[in-house]
Amino acid sequence: MKATYSLLLCACLSLSGTAQADTLRIPVGEQASGQQTPLPQRGATFDSVTARWGEPSKRHAAVGQPPITRWDYPDFSVYFEYNKVIDSVRLHTPKAP
């Protein structure tokens, strides 16, 4: 019985080691260029977004309740609740190597 515990203890000790991890830090907005187009602001309407940025590349149908609609532009997407902007998100563009 003692031999089994000793063997188990040796196996556990041989498997234990120091865990190491690297920390990856990416500055906010690093992938964006210095000249960024302003995005539609919260509360803007369908009409005001269309007037400023034109017709979107694609309009996604409303989903859920309350209805959430997404409009895609070449560099960003706009999310609406009913007809008001709730968020605008820049599309990720990987940095050239």
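Tyr73 and Phe76 are both buried in this model, which is a predicted one. How are the rings of Tyr73 and Phe76 arranged? In total, the structure contains 5 aromatic pairs. In the pair of Tyr73 and Phe76, the ring centres are 4.8 Å apart and the planes meet at 20°, so the pair is stacked. Aromatic residues also group elsewhere: Phe46, Trp71 and Phe80 make up one aromatic cluster.

Let me stay with Trp71. Over its ring sits the charged end of Arg59, 4.1 Å from the ring centre. Arg59 also stands opposite Trp71, which belongs to strand E2.

This brings me to the strands themselves. Strand E1 covers residues 58-63, and strand E2 covers residues 68-72. The two run antiparallel and are joined by 4 bridges. Together they form a hairpin, with 4 residues between the strands. In the turn, Gly64 has a positive phi of about 85°.

I turn now to Asp72, which lies in strand E2. Is Asp72 buried or exposed? Its relative accessible area is 16%; because this is under the 20% limit, Asp72 counts as buried. Setting aside neighbours within four places in sequence, Asp72 is in contact with Pro56, Ser57, Lys58, His60 and Ser77.

Technical notes: Residues are numbered from 1 along each chain as its sequence is written. This is a predicted model: local features need pLDDT of at least 70, side-chain atom pairs count only at pLDDT 80 or more; totals for chains, interfaces and linings use all residues. Side-chain values use heavy atoms; hydrogens and water are left out. Buried means under 20% relative accessible area, exposed over 50%, partly exposed in between (1.4 Å probe, protein chains only). Contact means heavy atoms within 4.5 Å. Rings of Phe, Tyr and Trp (its six-membered ring) pair if their centres lie within 6.5 Å; planes under 30 degrees apart count as stacked, over 60 as edge-to-face and the rest as tilted. A charge sits over a ring if NZ of Lys or CZ of Arg is within 6 Å of the ring centre and within 35 degrees of the ring normal. Two strands pair if DSSP finds at least two bridges between them.
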